[in-house]
Each structure stands twice: as C-alpha cells, then as structure tokens.
Amino acid sequence: MASATLSTPVSKAVNPRKGMPKWVWALPPVAVLALVFLYPLALVVQQSVRPDTGGTSLTPYADVFASSAFREALGTTVWLALGSTAGCLVLGFALALVIAFVPFPGGKAVAKFIDVFLSFPSFLITLALLFVYGSVGMANGLWTDVTGAASGPFQFLTTPWGVLLAEITYFTPFVMRPLLAAFSQIETAQLEVASSLGAKPARIVRQVILPEALPALAAGGSLVLVMCLNEFGIVLFTGAKGVTTLPMLVYSKAILESDYPGACVVAVVNVLISVGLYGLYRVVSRRAGA
C-alpha cells in the first residue's frame, strides 16, 4: 500500500506583535513620584514667590535673606551638621573596629542591635538623654541627693552641645553599618601577615584597614551630613534655648508666625543645600571609583 504524503500549504510569515515601548513602563512610577513628591515640592516653590500682598515676587526671598534670624539659623545648621558628622565618623570608626576585630562575648548581638537601632525615631534617643542628663534626670537627681544642692551640674542638654551629643548618639550607627559591611570583606590573612611582619595595631589600622574603609566612611558620612541638616525632632525635644536650625525656622515661621511664604523660602533653601551636598557626594564618589 502506497503511502500518501500530505502537504500543507506554507502560510505567510506573520510579523510578531510588537510590544509596548519601553518608555510606557516608566509612566506609573513617574506618575507616582510626581504626585507624591514633585507636586508638593512645586507648591512649596510656588508659595515661596507669592507674598501675602499678592502677585508673584521675589520679595519673600529678599526679606528672609536680609533677616538675622535666617543667617543665624543657617550658621547653626551648618556647624551642628559638620560637628555631628565629624563626631559620628570618629566614634563610629572606633566602635566598628572593636566590634569587627576585637573578639568579645556578645559581639554578634551588638552588631545585630545596630540594625535595630537604625529603626528608632530620633526623639526617642533624645528623651533617653533627657531622663539621664536632664534638669530633673537621674544624674542631677543623684548629685542633689548626695550633695544636698538645689540643682545638679548637668545642664548642657539645653545648649547647642546637648543637641550635638544627641545627634552624635543617634546618627553614629548610620556610619557603623556600612563600616561593618566593609570590614567583613577584609581578609584576615592580610591582618595576620601585617602582624607577623611586626606591624603594630595602629599601623595596621592606618595602612590596611583605613584604605578599605574610606568608601564606607564617605557613604556613611554623607548620609549623616544630609540627615543632620534636615533634623528637626532632636532640636525640638532637647528644648535647647537659642538653637534654631533651618527646619526649626520653617516650623516657627509657619506655625508661630503664620508667615507661609517665608517658611517656604527657608524650606527651598534647605532642599537646595541637601540636594547640592548629595550631588557633590556623587561626583566625588564617582571620581574616587574611577
């Protein structure tokens, strides 16, 4: 029996259906970003050029820049941010060194606690310091009980140094976290070889550990600097007299003085400083990695 061969007609090639352009997939996140962030920011910028007298004018900027309160707040914000960042870098590097390279019981638990600490609100740390060093805190209470004095000697929390201490206490773990990650990548063989060649611990830290930690220090330091520039809760809860930062000035102008154009001007300046510092950090980190 002869087999029959069935032939099927060759169909014309059909062009595959073209998918949607790639830019379409970017529309949803861009729309959410514009609605949640860009639109409120645009309203702030718009309000900053709308004085109470009506119309559009740069008068609010001229008034704010000419005021001594703004200049003092700007100077206070900058020096507190720089001082806190420097303190966090030094303290964070020292503590990270101990946790990473000095074996002691509970070292892993301390490292895990740092991750939990990052989730704490800033005002919680400030309240803890107030319970210890406040005017009616434990330290002053112990002093008055022992000496019989009317008040204790610890009154620094209501000064700029109290704000500085609170910010260093709260932001130091933000430096330690990237440092611990960087130290975990260092091979112990390098440290053992350097030690066997007679290098002292200080030299090992300076020539072996510190070069590996510089990118992490730059990342943690830049993050702390930007966060300190925008910190509001710590300054508010310490109740430091005469310590007015840019965020506090925004609060006082908007809530206490009802000067909304002036508050928006200060807010715009604060945003520009933060974005400028972030851009500078990106340029420096890119050149360092090149």
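**Packing around L179**

Reply: Leaving aside neighbours within four places in sequence, L179 is in contact with G92, F93, A96, A213, A216 and L217, where contact means heavy atoms within 4.5 Å. The model is predicted, with local features needing pLDDT of at least 70 and side-chain atom pairs counting only at pLDDT 80 or more, while totals for chains, interfaces and linings use all residues. Residues are numbered from 1 along each chain as its sequence is written, and side-chain values use heavy atoms, without hydrogens or water.

L179 also belongs to the largest nonpolar core, which has 45 residues; F171, L179 and F183 touch the most other members. Such a core joins buried Ala, Val, Leu, Ile, Met, Phe, Trp, Tyr and Cys residues through side-chain atoms within 4.5 Å, buried being under 20% relative accessible area (1.4 Å probe, protein chains only). Two or more residues each come from α4 (68-101), α5 (107-117), α6 (122-133), α8 (160-183), α9 (188-196), α10 (201-229) and α11 (233-238); helices are DSSP runs of H or I, at least four residues, numbered from the N terminus. The largest contribution, 13 residues, is that of α8. Another core, of 11 residues, lies apart and includes Y61, A73, V266 and V268.

At least two lining residues come from each of α4, α5 and α8, and α5 gives the most, with 3. The lining comprises 8 nonpolar, 2 polar and 1 charged residues.

Methods
Buried < 20%, exposed > 50% of the residue type's maximum accessible area, 1.4 Å probe, protein only. Nonpolar A, V, L, I, M, F, W, Y, C, P; charged D, E, K, R; others polar.
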